[in-house]
Amino acid sequence: MLQCLILELEMVFSWLNLLAKFGFSNITGIDYSPSAIQLSGSIIEKEGLSNIKLKVEDFLNLSTQLSGFHICIDKGTFDAISLNPDNAIEKRKQYVKSLSRVLKVKGFFLITSCNWTKEELLNEFSEGFELLEELPTPKFSFGGRSGNSVAALVFQKM
């Protein structure tokens, strides 16, 4: 088994299932919704994946138990937090603080966003993180200009 401590935020169907099937262990998935964790648990049980731990956690108000992860995967949590009408700027700052707390130094953060551009994400994660890679995403063209409907980036904690 590949020994790597991996955390996925706000999950129902997740990358964790795929990583577990490829032999990764020490995998943790969190969600603030107990019913989402329950649904994920039933999927994991049905697929016989015993190397995934699930926890009910609010990423903006983490317990002290979550720390030391090598990889953190986000495929929509930052987007959802950003759309919150109640003090979104502060919640984005808290997200970055939480991320910094759970990741080891030199740990990797993979984010997929449909609400933020690469440049905007670089700005949001400029303190404590550096961009390692921009992952390819589908492109579209309209009115003579082209762009991406999704940004997928890999950061490393400094």
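**Group meeting: a walk through one predicted chain**

Hi everyone. Let me start with the record: UniProt, in an unreviewed entry, lists residues 19–135 as "domain: Methyltransferase". UniProt positions are given in the numbering used here, feature names are shortened, and annotations may be inferred rather than shown by experiment.

A word on ground rules. This is a predicted model, where local features need pLDDT of at least 70, side-chain atom pairs count only at pLDDT 80 or more, and totals for chains, interfaces and linings use all residues. Residues are numbered from 1 along each chain as its sequence is written, and side-chain values use heavy atoms, with hydrogens and water left out.

Now the fold. The chain has five helices and nine strands, where helices (H or I, at least four residues) and strands (E, at least two) are DSSP runs numbered from the N terminus. In sequence order they read β-α-β-α-β-β-α-α-β-α-β-β-β-β. With a radius of gyration of 16 Å, close to the 15 Å that the globule rule gives for 158 residues, the chain is as compact as a globular protein of that length. That radius is taken over C-alpha atoms, and the rule is 2.2 Å times the number of residues to the power 0.38. Along the principal axes, the C-alpha atoms fill a box of roughly 50 × 30 × 30 Å.

Back to residues 19–135: this stretch is 38% helix and 31% strand, and its end C-alpha atoms are 18 Å apart.

How much of the chain is buried? Of its 158 residues, 42% count as buried, meaning under 20% relative accessible area, with exposed over 50% and partly exposed in between (1.4 Å probe, protein chains only). As for contacts (heavy atoms within 4.5 Å), residues 24 or more positions apart account for 66% of those with a separation of 6 or more.

Let's finish with two residues. Ala-88 sits in helix α4 (residues 88–102) and, because its relative accessibility is 15%, counts as buried. Leaving aside neighbours within four places in sequence, Ala-88 touches Ile-81 and Ser-82.

Asn-61, by contrast, is exposed, with a relative accessible area of 58%. Asn-61 belongs to the loop between β3 (52–56) and β4 (69–74). Its C-alpha atom is 8.5 Å from that of Gln-94, 33 residues apart along the chain.
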